[in-house]
Amino acid sequence: MRIFNIEVDRAAFGAGAALTFFIVTQTMLTAATKTDDGLPYKTTSAILLQEIIKLSFASAFWFNFDYTKINNGLPNLTVKNFLMYSVPGLTYAFQNSIVYSAIAILGPPTFQVFSNFKIVTTAILHRMILKRSLTIIQWLAVVLLFTAMVISKLTVFSNSGQSGAWAGREELIFGAGLLVVNSTLSAFSGVFNEWLIKKIDPDAPLQFKNMQLYFFGVVLNFLGNMFQGGQGTSDDGFFTGFTPLVWIIIINNAALGISVAFIMKYANNVVKCFTGASIT
């Protein structure tokens, strides 16, 4: 497949297009559910449910299409390799919680702009963990995106004389701080997961590897749901504040996570970051 006379992998292009759609939908729908008191539903419950959906999809796909293959992933499965998926599983769990809060605080446009910081952290970790460097053009694109992110928000800090400016500034600083943490977690978990997919038993089916990752996602988010209440209180029920729109957000976020796995398989984390940056 060729686009602008450049050879493009069909699977990578399809996954990138799907990822772009799901990212836009995620930010818009999450912002639409925000109230003056924040998000009215338990985000820990929402995250747990989206992990269950992803695990169910990966398991069903693997059982129906990969289980009967000679290399279905089981022959080379070891305890050590299995436990390694707990690393990205744990960081993804923290990252998903931060995303809900950051979108609610910053709003969709600002969230998308500041989330581009993960391009910088991903490029650095991509070099350190996978031993792959970016081209001069790719590094230039990283610098330009980061510069645009800073410039686009300078007006917030220049309005100190206006009423309410400090409130907007404080929210921006706190939300941006969340996204710096989120970007670091996103880069590390993404690059580590890409390493697991491409370097550890690379011939094993993608959904078999996803099953292991999502298993830890379910376990860790289940524990998180038990010990904290997300945007709600610890005394609220599991489905507190759930509406049809919240269910759509959960399904969309699960689909987003699945599309990221295909990006990892057929492209890389840098492509994932630039795909997300293309919508800002």
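Predicted model: local features only at pLDDT ≥ 70, side-chain atom pairs only at ≥ 80, totals over all residues.

Biologist: Let's start with H1 and H4: at what angle do they pack?

Modeller: Two packed helices are described by the angle between their axes and the distance between the axes. Here H1 covers residues 10–32 and H4 covers residues 86–106, and their axes sit 9 Å apart. The packing angle is about 65°.

Biologist: Is H1 roughly parallel or roughly perpendicular to H4?

Modeller: The axes make an angle of about 65°. The roughly perpendicular class runs from 65 to 115 degrees, so H1 against H4 counts as roughly perpendicular.

Biologist: Which residues in H4 does H1 meet?

Modeller: From the H1 side, Gln26, Thr27, Thr30 and Ala31 make the contact. By class, the contact has four nonpolar, three polar and no charged residues. The H4 partners are Val99, Tyr100 and Ile103.

Biologist: Okay, on to charges. How many salt bridges are there?

Modeller: Side chains of opposite charge can pair when their charged atoms come close. The cut-off is a Lys or Arg side-chain nitrogen within 4 Å of a carboxyl oxygen of Asp or Glu. By that rule, the count is three.

Biologist: Take Lys54 and Glu51: which helix do both lie in?

Modeller: Their side chains meet in a salt bridge at 2.9 Å, N to O. Lys54 is buried at 8% relative accessible area, and Glu51 is buried too, at 4%. The two are three residues apart, about one turn, in helix H2 (residues 43–66).

Biologist: Now Asp66 and Lys69, which meet in a salt bridge. Is Lys69 buried or partly exposed?

Modeller: The N to O distance in this pair is 3.0 Å. Asp66 has a relative accessible area of 7%, so it's buried. Lys69 has 44% relative accessibility, so it counts as partly exposed.

Biologist: Last pair, Glu194 and Lys198: what is the relative accessible area of Glu194?

Modeller: These two form a salt bridge, with the closest N and O atoms 3.0 Å apart. They're four residues apart in H9 (residues 165–199), so about one helical turn separates them. Lys198 counts as partly exposed at 22%, whereas Glu194 is buried, with a relative accessible area of 0%.

How values were computed:
Residues numbered from 1 in each chain as written. Heavy atoms only, no water. Axes fitted to C-alpha atoms, helices over the stretch in contact; angles between N-to-C directions. Parallel < 35°, antiparallel > 145°, perpendicular 65-115°, else oblique. Contact = heavy atoms within 4.5 Å. Nonpolar A, V, L, I, M, F, W, Y, C, P; charged D, E, K, R; others polar. Buried < 20%, exposed > 50% of the residue type's maximum accessible area, 1.4 Å probe, protein only.
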